[in-house]
Amino acid sequence: MSNVPVAPATSRRDQIRREAARLFAARGFLGVGVDEIGKAVGISGPGLYRHFSGKEAMLADLLVGISERLLEEGSRRADTPGGPQAVLDALISGHVDFSLNDPDLITLHDRELLHLKEEDRRRVRRLQRGYVELWVEAVRAAFPALAAAEAESAARAAVHAVFGLLNSTPHSIGRPAPGDRAGLLPPAELATLLHRLAQGAFTAAADGWSRA
């Protein structure tokens, strides 16, 4: 009997998720075959069916999974002690981490949501709405000028604008070649910059509304 430990199925499943996300983001959902994903993780294409029923199931797992994760983590951060501004800071930090660490999933959401089954697409949208509501509530609590009923639309617009900022920046920068980081901010500095820009956007929205 071999003494080499067998990797648990969950580890292999996560491997498949990671490589499927990378390939789908790089070449599009329709441009990637099951055999290619299998090759990327070192198993036969048919072997993938022990983990997923097909690449449609992989895409659903990725997009529903990240939507669930964002809402779960956002809900946890919404309970951050220290007051409304601390809650908003925690939400921003969490989303900055997501945008810097999971750019492939952002790309998939932007481009491939239409390839989900209708039921899965509705589920993703429902989870996203819950995540947005966490942010809208946090922004309105942190900025009294946006707490009035008539300011809700401004708060909501600001939240979506910040999502656009945080989600698009890492994607626009792209991946540098190994060892080539010329002109790129170190990740920690980029995270700090994105956090400040997000807070600045909310402050601008509140100031603009209070002067309207």
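User: Which residue lies over the face of Phe52?

Analyst: A charge sits over a ring if NZ of Lys or CZ of Arg is within 6 Å of the ring centre and within 35 degrees of the ring normal. Here Arg13 lies over the face of Phe52, 4.1 Å from the ring centre. Lys55 does likewise over Phe29, at 4.5 Å. Keep in mind that this is a predicted model, where local features need pLDDT of at least 70, side-chain atom pairs count only at pLDDT 80 or more, and totals for chains, interfaces and linings use all residues. Residues are numbered from 1 along each chain as its sequence is written, and side-chain values use heavy atoms, with hydrogens and water left out.

User: Thanks! How many aromatic pairs are there?

Analyst: Rings of Phe, Tyr and Trp (its six-membered ring) pair if their centres lie within 6.5 Å; planes under 30 degrees apart are stacked, over 60 edge-to-face, and the rest tilted. That rule gives 5 aromatic pairs. Tyr131 and Phe163 are stacked, with 5.6 Å between centres and 5° between planes.

User: And how are the rings of Trp135 and Phe163 arranged?

Analyst: Their centres are 5.0 Å apart and their planes at 75°, so this pair is edge-to-face. Ring pairs join Tyr131, Trp135, Phe163 and Phe202 into a cluster.

User: Is Trp135 buried or exposed?

Analyst: Buried means under 20% relative accessible area, exposed over 50%, and partly exposed in between (1.4 Å probe, protein chains only). Trp135 has 0% relative accessibility, so Trp135 counts as buried. Phe163, at 10%, is buried too, whereas Gly130 is partly exposed at 28%.
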